[in-house]
Amino acid sequence: MTSPAPGTLDDAALVREVADGSHDALAVLYDRHGDAVFASASRLTSDRGLAEEVVQETFLALWNRADTFDPTIGSLAAWLHTIARNRTVDRLRAAGRRPTLVPLSSAASPEHGEDVPADALERVMASGSIVAGAAPVRSPEMELALSELRSALQDALIEMPEAERTVIVLAYGEDLSQSEIAERLGWPLGTVKTRTRRALARMRQVLGSGVGPEFARYLAPVRRADRDD
Amino acid sequence: MDHDEVLEQLELAAVEPGGLDRLTAGDTAEAAAIAGHLAGCPACATDLERLRRSVPILRDVIRTTPSPELRDRTLAFVREHGVARVPQAAPTVSAAPARPAPAGVPQPVANARSSMVMRTMPWVAAIAAAVLISVVATTAIVTTAVDSRLTAQEDSIRALEYVTVSTIAITGEPDVERVALESTAGAASEGTLMFSPSTTELVVVADGLTEPPSAQEYRCWVEVGGERVNVGKMFFADELAYWVGDVPAVASLPAGSTFGVSVADVGGASLDADPVLVGRL
């Protein structure tokens with residue numbers, strides 16, 4: 001009798017496999033939760049390097065402590081999120097820094113699992129800039145649609161040529177200027193600008209095609225060739 | 001400076017934090033040329049606003065997307081530093097000593113009593129989570145003005161995402177109807193209303209509305225049988241006013257039905273004020 005493939009198991013079963021020493025099971029869990037753990041950490045710090053270290057330490061903690069995970073208490077996603085958050089805050093404190101953002105989105109996103117009530121998010125959002133306070137309550141369908149939009153943008157980012165992805169990640173992810181990117185990479189400034197614009201065009205294409213014409217008009221600059229003027 | 005040159009400068013500036021403000025408010029010859037072009041070119045001015053709206057969303061996605069290489073590095077990190085486990089405790093596994101659990105990693109409580117409490121009284125866990133989030137949120141909000149500003153930006157991004165995905169959902173309905181909302185006063189405001197008679201879901205967005213006077217708010221309504229039926233109060237995210245929700249009245253609207261947005265007293269029932277935006281089915 002053969003064992004089921006790791007990819008067909010639920011999280012709790014995979015954690016048991018990890019506790020038994022299966023690196024394949026850990027890889028499947030990374031594929032399921034790695035992006036969310038990174039997102040959770042990166043929303044607390046603008047330092048991508050720190051966020052990546054938090055991901056590594058979070059999955060190391062999962063490996064080392066898999067046998068203590070109890071699925072009747074909470075989801076694996078919530079557990080990983082808690083570890084990631086604590087590790088991020090510890091790192092920031094050690095460096096004398098503060099979290100840069102309230103993790104609003106993570107409070108309502110899948111990495112929190114079902115452990116966080118929706119009204120908590122509403123209370124947090126009510127303190128923000130949205131006039132009239134009442135925060136949107138997302139249905140599961142909305143969460144799915146939002147997830148798909150972000151996935152489409154993430155896919156565009158991951159699938160673009162490495163040179164283009166590099167410049168746009170350095171610009172948006174690390175807040176480097178075009179000149180600073182050119183200096184860091186040793187590329188001519190003109191090359192950096194060209195690659196940045198190509199990368200933006202790919203992302204814009206997703207915004208234009210992925211969110212419908214109303215919001216494409218709202219969010220994405222119209223190319224001259226598409227204009228009437 | 002032509003349209004393409006202006007767009008290029010705007011796009012490159014938008015990538016840098018505060019870049020658009022520096023470019024459009026700077027005192028360089030380039031800034032003056034761009035400002036001059038924008039002043040006389042509504043299309044490029046519109047592009048500037050679109051860039052301002054889309055950049056925070058793109059920035060958030062890019063910031064929160066890990067590099068593809070992180071997966072392999074993480075798995076290798078665990079192989080190198082993780083505790084040796086059966087059956088992988090073979091000689092091929094790194095002989096590095098197991099590190100103690102990192103400080104701050106929460107113990108997953110396996111206590112039977114607390115587990116039972118959580119299962120039988122889920123509201124205890126809910127309240128605990130809510131308090132935790134409130135504390136975290138409050139702490140971060142009061143720390144610095146910068147944090148507050150970032151929080152406000154984050155809120156706006158989430159609201160824009162919410163409206164966006166609502167639009168995606170409703171435009172996926174085969175019977176979706178669209179109504180263009182136009183200003184009645186010749187102002188620059190405009191809007192779009194979308195609804196599905198079968199699901200009765202409705203999304204309305206408006207751009208260019210100024211914030212309402214104190215103690216007043218914008219209300220969206222639909223006129224049925226000569227009477228205005230309240231749809232809802234318009235919320236603001238950044239400069240976008242919106243309302244999303246279920247409106248049973250749209251299930252069977254006759255052709256020619258009118259939608260509008262009017263100023264109303266907060267909490268008041270009257271929708272009689274002249275509309276600032278209006279559209280006809």
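Colleague: Which residue takes a positive phi in the hairpin of β1(B) and β2(B)?
Modeller: This is a predicted model, in which local features need pLDDT of at least 70 and side-chain atom pairs count only at pLDDT 80 or more, while totals for chains, interfaces and linings use all residues. Residues are numbered from 1 along each chain as its sequence is written, and chains are lettered from A and ligands numbered from 1 in the order in which they are written. Strands are DSSP runs of E with at least two residues, and helices are runs of H or I with at least four, both numbered from the N terminus. The hairpin has 6 residues between its strands, and the one with a positive phi, near 70°, is Gly186(B).

Colleague: Which residue of β2(B) is the bridge partner of Arg178(B)?
Modeller: Strands count as a pair if DSSP finds at least two bridges between them. β1 (residues 177-183) and β2 of chain B have 6 bridges and pair in the antiparallel sense. In β2(B), Arg178(B) has as its partner Met194(B).

Colleague: What stands opposite Met194(B) in β3(B)?
Modeller: β2(B) also pairs with β3 (residues 201-207) of chain B, in the antiparallel sense and over 6 bridges. The residue of β3(B) opposite Met194(B) is Val203(B).

Colleague: How many residues of strand β2 of chain B are buried?
Modeller: A residue is buried if 20 or more other C-beta atoms, placed from the backbone, lie within 10 Å of its own; with 12 or fewer it is exposed, and in between partly exposed. Strand β2 (residues 190-195) of chain B is mostly covered, and of its 6 residues the number buried is 5.

Colleague: Which are the edge strands of the open sheet in chain B?
Modeller: The sheet has 9 strands, paired antiparallel in the order β5-β4-β8-β9-β1-β2-β3-β7-β6. An edge strand pairs on one side only, and here the two are β5 (227-233) and β6 (235-237) of chain B.

Colleague: Where in α4(B) does the kink lie?
Modeller: The expected span of a helix is 1.5 Å times one less than its number of residues. For the 22 residues of α4 (residues 42-63) of chain B this gives 32 Å, which agrees with end C-alpha atoms 32 Å apart. A bend is the angle between axes fitted to the seven residues ending at a position and the seven starting there. The kink of about 30° comes shortly before Pro56(B), at Ser54(B).

Colleague: How many helices are there in chain A?
Modeller: Of the 229 residues of chain A, 49% count as buried. The chain has 0 strands, and its count of helices is 11.
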